[in-house]
Structure formats: C-alpha cells, structure tokens
Amino acid sequence: MESADPAEADQSDTHGAQRRNRDCAFITPEPIKKPSGMVPRPGRGQDSAMSLLATCWTTAGDANPYPGDQRSPVGIRERVEAASGAGFGGMGLLHADLMPALDEYGVRGLRALLDDHGIVDLELELITGWWETDPNRRKSDPVRRELLTAAEALGARHVKIAPDVTDGPWNRDEWVTAFAGLAADAANAGTRVGLEFLPWSNIKTVHDGLALVQAAGAAAGGLIIDVWHTERAHTPPADLAAVPLRYIVGVELNDADAEPVGTLFDDTVNRRRLCGQGAFDLAGVIAALRAAGWDGPWGVEILSEEHRKAPVREAVAAAFRTAEAVLAPPV
C-alpha cells in the first residue's frame, strides 16, 4: 500500500538527502549471513502454514500512506516487540522508517533485534517510479538503491513496488523491460520484488499484473496479492487459484464493508476492517490461494482510523488474532 501520489510522498527521514549522497554507506561491507532456509522463494517462511507477517502499516501506529511525512511515530523496538508479542513471525518496514532504524542500530544490530524477537520474514517497501527514464528516475532511484542494498544486507524476503497511481498513459513493452530490469537487480541482491496492483492505478487487477510479470519472465519478480484490491476489483476467488505460484511474492489479508465510502484510496486507507469483521469472502480467497500452492507467510495489512488510534500493541494483537482465526481450518 502506498500514497495517492508516491512521487510527492516524503519517504525519507530528516537526514535522507545526506544518506542518499553517501550511496548507502550505512550497509556493512559484508552482508549478514542469511539463516538456513532464507533463500527467497514462493511461500518461504516459517515451517507452519499459519506464518503471519505484519505489513508496515499494521505496526506503524498513527501514520498513513497519504502524501507527506509517512514516518511512524512508534520506535522500531516497540514495533518489533508488538509484532513478536502478538505472534507474528514477519513484519514490514517502509523506507522512511527503515533508514532511521539503520541509523540507530546498524545492519547487524537491526537484524539481531529481529532475530531476538523471532521475526524471520522481512518485507521492505516501497519502490515507485521504477518504470521512468532519466531524469524522472532521479527521485526513485535512491530509494530503489537503498532498499535493495538493505534487503541484501538484512536478508529481506522481498521488496514491494507500486504501479503508476496517476493511471496515466503507459507503454506496456517499456514497463515489461523496466520490470525485468528491476527484478534482475533484486535477484542480484538475493531477494525478490512484488508488484502490488491497485484498482485506481494503471495495473488495476491481478490479471493486469500477471500479464506484466509473465511477459517479463523474471524469476525474482511477481505479485503482491492484497485481498482488498482483489475484492474491490470484483475478482472471483477462482481467478486467484489459477495464478501460478511462482508469480506470487506475497499475500495480504484484511477486510472491509461491502461498498467503498468516498474514493477507493480514502476507503483503503481509512476504512479497512480486521479480518472476519467485514464483507469480504476471505474464506474463498484463502482457499483459492492455498489451491494455488501458497502456504505463507500471510501478510496482514490493516489500515483504518480506528486502528491508528488504538495503542500499538493492542492494535497489532487484534490484527494477528483475527487473521489467525480466518486462516484456521474449520473445526
């Protein structure tokens, strides 16, 4: 999930410009050795099919994807403790929060913090403008470089990327080439990139996204399937079951009312519900994704005014508890 206009969003901390000029000097020369089993691949995670990952907004407290300062007011240690305490085995971090965390802990310190709390799967986000050419890439390239460098050093499972939320004209062949190039960069960093299709963007549906990633033919590139986006696009669960597993990089669960209120972006940012507390066919979606071969980690992305106002530990615990309930096999 990203801002209405990622190009305008403040994805850096107060020292972001200085850090970018250092060309990712925060990374130690020798990346952390990845624990056994951390080779990026579909469905990699904990041994249980119930492995859950708290996406960046789920633990961010009073922060949101609207343009402007998107940084979480919650410290990284409290976020990690909240995710771990709730039962999550993975979590996500936005670029704007990752960089201060690396400043505070360093690569080894941050990886140790995650490891000490049982956080195995790490998701980083968000790369925007990756399809642009010079000079338009000048805004996105530093974030791209920093996220991929950090992904390699920290052993991140994948990096999330966005389509064009302006929904302007686009050249499919150019996008295929750009996606293949970004996926190649991800492969060189030992990670994958996942494109999150959005109903208000140029890549509106899982079908649009799948056509793009299939044409690119890059093993390190695929899709992030967020149930909010598939439900709002009226995608039948059966269509998800037909997505080849190799193209599924991540899955995100949540819920919402039957009809959106206001714009789609406002609805997704302010009115998502906890799993099982809305009108989405979560049982059908989960069954379809399992039929496609997905066994986790299952991302949980809760964005709402209510979620942001709640104490972080309580909000994260509720997100875990309700997602776990919908994933549990019928008694």
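At what angle do helix 5 (residues 172-188) and helix 6 pack, and how far apart are their axes? The legends below begin with that view; the model shown is predicted.

**Figure 1. Packing of helix 5 against helix 6.** The two helices pack at an angle of about 65°, and their axes are 8 Å apart. The crossing of helix 5 past helix 6 is right-handed. Helix 5 contributes Arg 172, Trp 175, Val 176, Phe 179 and Ala 180 to the contact, while helix 6 contributes Ala 211, Leu 212, Val 213, Ala 215 and Ala 216. Nine residues of this contact are nonpolar, one is charged and none is polar.

**Figure 2. Packing of helix 4 against helix 5.** The axes of helix 4 (residues 140-154) and helix 5 cross at roughly 35° and come within 9 Å. On helix 4 the contact involves Arg 144, Leu 148 and Glu 152; on helix 5 it involves Gly 181, Leu 182, Asp 185, Ala 186 and Asn 188. By class, three residues of this contact are nonpolar, two are polar and three are charged.

Figure 3. Nine aromatic pairs occur in the structure. One of them joins Trp 170 and Trp 175 edge-to-face, at 5.2 Å centre to centre and with 65° between the planes. Trp 175 is buried, with a relative accessible area of 3%, whereas Trp 170 counts as partly exposed at 35%. Beyond four places in sequence, Trp 130 touches Trp 175 and Phe 179, and its other contacts include Arg 137, Arg 144, Ile 161, Leu 182, Leu 195 and Leu 212.

**Figure 4. The pair of Trp 200 and Phe 265.** These two rings form an edge-to-face aromatic pair, 5.6 Å centre to centre, with 80° between the planes. Trp 200 lies in the loop between strand 5 (193-196) and helix 6 (206-216), and Phe 265 lies in helix 9 (residues 264-270), so the pair ties together parts that are 65 residues apart in sequence. Trp 200 is buried, with a relative accessible area of 14%. Phe 265 is buried as well, at 8%.

**Figure 5. Surroundings of Ile 203.** Ile 203 is found in the loop between strand 5 and helix 6. Its relative accessible area is 0%, so Ile 203 counts as buried. Leaving aside neighbours within four places in sequence, Ile 203 is in contact with residues including Pro 163, Trp 170, Trp 175, Leu 195, Phe 197 and Leu 212. Asp 167 is 36 residues from Ile 203 in sequence, and their C-alpha atoms are 8.1 Å apart.

**Figure 6. Nonpolar cores.** The largest nonpolar core has 90 residues, of which Phe 88, Leu 98, Leu 124, Trp 130, Leu 289 and Trp 298 touch the most other members. Helix 3 (residues 95-116) supplies the largest share of this core, eight residues. Another core lies apart from it and has nine residues, among them Ala 60, Ala 63, Ala 96 and Leu 126. In soluble globular proteins, nonpolar side chains tend to be buried together.

**Figure 7. Helix 10 and its neighbours.** The buried residues of helix 10 (residues 282-291) are Leu 282, Gly 284, Val 285, Ile 286, Ala 288 and Leu 289. They pack against strand 6 (221-226), helix 7 (227-232), helix 8 (237-241), strand 7 (248-253), strand 8 (298-300) and helix 12 (312-327). Just after helix 10, Gly 293 has a positive phi of about 110°.

**Figure 8. Backbone exceptions.** Most residues other than glycine have a negative phi, and most peptide bonds are trans. The peptide bond from Glu 125 to Leu 126 is cis, with omega near 20°, and Leu 126 is found in strand 3 (residues 121-127). The bond from Gly 296 to Pro 297 is also cis, with omega near 5°; Pro 297 is placed in the loop between helix 10 and strand 8. Asp 167 is not a glycine, yet its phi is positive, about 55°. Asp 167 lies in the loop between strand 4 (158-161) and helix 5 and is partly exposed, at 35% relative accessible area. His 234 has a positive phi near 60°. His 234 is found in the loop between helix 7 and helix 8 and counts as exposed, at 66% relative accessibility.

Definitions and conventions: Residues numbered from 1 in each chain as written. Predicted model: local features only at pLDDT ≥ 70, side-chain atom pairs only at ≥ 80, totals over all residues. Heavy atoms only, no water. Phe/Tyr/Trp six-rings, centres within 6.5 Å; stacked < 30°, edge-to-face > 60°. Buried < 20%, exposed > 50% of the residue type's maximum accessible area, 1.4 Å probe, protein only. Helix = DSSP H or I, 4+ residues; strand = E, 2+ residues; numbered from the N terminus. Axes fitted to C-alpha atoms, helices over the stretch in contact; angles between N-to-C directions. Left-handed = near helix turned anticlockwise from the far one by under 90°. Contact = heavy atoms within 4.5 Å. Nonpolar A, V, L, I, M, F, W, Y, C, P; charged D, E, K, R; others polar. Core = buried A, V, L, I, M, F, W, Y, C linked by side-chain atoms within 4.5 Å.
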